[in-house]
Amino acid sequence: MVKKNINNINPNKANSNLVLASEILPNNLTILPAAKHPIFPNMMIPLTFSDDRSMQIIQYAYENNNRLLGITLIKKEDKSDFWNSELYEVGTIVKILKITPLSENAFQMLIQGLQRFTKIRTAWKDPYLTWKVKYYYEPEYKPGDELKAYTLSIMSSLKELLKKNPLFQEQLKLILSQVSHQNPSLILDLVASILNAEAEKLQNVLETFDLIKRSEKLLILLKEEIELVHLQEDIEKQIESKISKQQREFFLREELKIIKKELGLEKDDKTAEIDKIENKLKNLKLTDEVSTIIQDELNKLKMLSPSSPEFNVTSSYLNAIADLPWGVYSKDRVDIKKVRKLLDEDHYGLNEVKEMILQFISTIIRRGSVIGSILCLVGPPGVGKTSVGISIANAMNRKFFRFSLGGMQDEAEIKGHRRTYIGAMPGKIMQSLKRCGTANPVIMLDEIDKIGNSYRGDPASALLEVLDPEQNTAFLDHYLDVRFDLSKILFITTANQLDTIPRPLLDRMEIIKLSGYILEEKIEIAKRYLIPKQLEKHGLKKKEINITEKAIHTIVDQYARESGVRNLENQIKKIMRKVTLKLTEKKGNYFSISDRNLKYYLGKSIFTTETLYKKLIPGVTLGLAWTSFGGTTLYIEASAIKSKSAGFKQTGQLGDVMKESAEIAYSYIRSFLCNENTKHKDFFNQHYIHLHVPAGATPKDGPSAGITMALALHSLSINKPVQNNFAMTGELTLTGKILPIGGVKEKTIAAHRVGIFELIFPKENKNDFEELPDYIKKGITAHFVDYFKDVLIIAYK
């Protein structure tokens, strides 16, 4: 409907003569909000609208208000309802000269500003917002000298602005040539209407009725506009200068390339890349399969443009193949005595481990290959698994590379990504060969017991091909898609425990167990390796610090009882840091650390020997346990509460297996007392039994505490303590049979560490104990038992 009415407007009527300023203007004026900037009097400008309500207001004013309309700037826009926005109270009455449709939903209105008006009050809101207004007529008098000066200054500034900004230059020149400085209000409105200042500042000019003040405000806006143009020019000059310099350098480089190419001094990027790849391949011993693939890819590369994405993909692939050590091998050290010497220099103790490694290396020397040989070093943290791997590489004169499998969940990290993916790259195995530069390095796969899996694949399954001697002679990386012989690589894996390693993977490895160190070994390691190493790292000299052997003994016993030596090294670092601080502060030149002043450097001791009972009471026994961090000792405590009926509960965060062991021990001892027909046979019928395994916050599990729990219950039932200073381990059955356990070495070391020298083991573990090194068995009295009755004989002797 609106479109139809606008189209029906007589265009001849729209082009009628301009109204005179003296024409009588209406007291009530229909208002149209302006969102961007205010309209100034005396200006003829086009406005474009596309919303229905604006079209309706303009049509209403055109037909009913003698084509007169009030336009005022929005002061605060209402986001939810535009037509309810707050408006400034000063605006401009305009004459609608012409309305031209632009499209189905848009039209253009040509208007001429007439006079300023001020709102008196709102006359009505329906159908359209109408104000009762008061008009401001510019005074008709000859301008004074001050106003003339302002006017001339404004015109001068405007001319300067037009020089800088040629936008609408011709039109403004024409207008300025026709406007006299004798009509300052017209000049001020003209200048204000063409400025790009903020709408609020222009509205302030519109609301200023006094010509002097208006001139002053307008002149300030003009100066700001000129400053902005100057700043814009400076920025453009800087950018043009940079671009010109870059373009000049670019053209010079291109010219230099052409000159060098003509003289034969330089090749283009494509030729240089191809030559680089071919030079890499010259001295490599490639298989027929690889040679064929490389030749095909090189021919393809020669046909491609350097700007093509396929060129970079092909180039990266060829470089990845060329960077591999095809047929490049380091020469193995064949002097076994030299190998033994190097291992002894790098590691103290571990005689059994070193002997197994020497046997392993001697076999490699005899055979000339490592086919079928993958080592797995198992032991708690800090016992030297990684350093043993480095020592093996040094002893054999091979390159060493290590990467961790802990938390790895994507099999592509092992076997590479397929080249169809963006950012594809070879797997870790191929990358390690590239970095080592030889095809027979020692590669350590660390933390193999912590490997994961996810929807992206199972890395453990991918490792089967890597570690399988029958398959790794022709290992196929997904990215390279050519076969590479991994059989000359010596793979060494490390783990804290074997339980979490997949069985098919475990079957392909030879297990070497590294148990924890005893106190005497740790003292020697600290003296020979850790202290000299930390002296060098902290910039200290032997004449500045001395750690006595007694102090080292105390550190090991009271601050670093764990199986490895990592925490021991950390405690030594602490001492070194405090000494370096004192030396820097010049509080001394020499420091002796003894067991007396050790507390000052390390603080309160973490472990104390008081953890052992000085005298055992009925119901308390000492057991031996194995953890992923090595062996440890733990007490079993049993308590009886008088009750009308039997009852039994266990506490101490016990796992399912250990709970079952406790139930077996409870049932066996009840049965044992009844069968023995002693005076204590009714003890369990009359008491509620509580079995506790300290510490309560530490989870525990496993069957090896069976005889320890049974002995605690037996001791409680007959109210007789077992002898002091002995510990035990063994799995118990319901018939009293004692089954073998694991971790004999770790448990023996744990007992040694806390000063327990009398131990009870299952009879079937006798061979395991006898195979232990003499320095671990030294001072230990071991009893081997087959049935629980044998335990009682030793416990109460």
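Predicted model: local features only at pLDDT ≥ 70, side-chain atom pairs only at ≥ 80, totals over all residues.
**Exercise 1.** Find which residues have the most contacts inside the largest nonpolar core.

Solution. The largest nonpolar core has 60 residues. Those with the most contacts inside it are Leu711, Leu713 and Phe788. Take Phe788 and leave out residues up to four places away in sequence: Phe788 then touches Tyr668, Ile669, Ile707, Ala710, Leu711, Leu732, Gly736 and Ile738. A second, separate core has 54 residues, among them Leu318 and Phe475.

**Exercise 2.** Classify the ring pair of Tyr317 and Tyr479, and state which parts of the chain the pair ties together.

Solution. A search of the whole structure gives 17 aromatic pairs. In the pair of Tyr317 and Tyr479, the ring centres are 6.0 Å apart and the planes are at 65°. Planes over 60 degrees apart count as edge-to-face, so this pair is edge-to-face. Next, locate the residues: Tyr317 is in helix H11, and Tyr479 is in the loop between strand E11 and strand E12. The pair therefore ties together parts that are 162 residues apart in sequence. Both Tyr317 and Tyr479 are buried. Finally, look at what lies over the ring of Tyr317: the charged end of Arg419, 3.6 Å from the ring centre.

**Exercise 3.** Classify the ring pair of Phe401 and Phe403, and decide whether each residue is buried or exposed.

Solution. The ring centres of Phe401 and Phe403 are 6.2 Å apart, with the planes at 50°. For burial, the cut-off is under 20% relative accessible area. Phe401 has 15% relative accessibility and therefore counts as buried. Phe403 has 5%, so Phe403 is buried.

Terms used:
Residues numbered from 1 in each chain as written. Heavy atoms only, no water. Core = buried A, V, L, I, M, F, W, Y, C linked by side-chain atoms within 4.5 Å. Buried < 20%, exposed > 50% of the residue type's maximum accessible area, 1.4 Å probe, protein only. Contact = heavy atoms within 4.5 Å. Phe/Tyr/Trp six-rings, centres within 6.5 Å; stacked < 30°, edge-to-face > 60°. Helix = DSSP H or I, 4+ residues; strand = E, 2+ residues; numbered from the N terminus. Lys NZ or Arg CZ within 6 Å of the ring centre and 35° of its normal.
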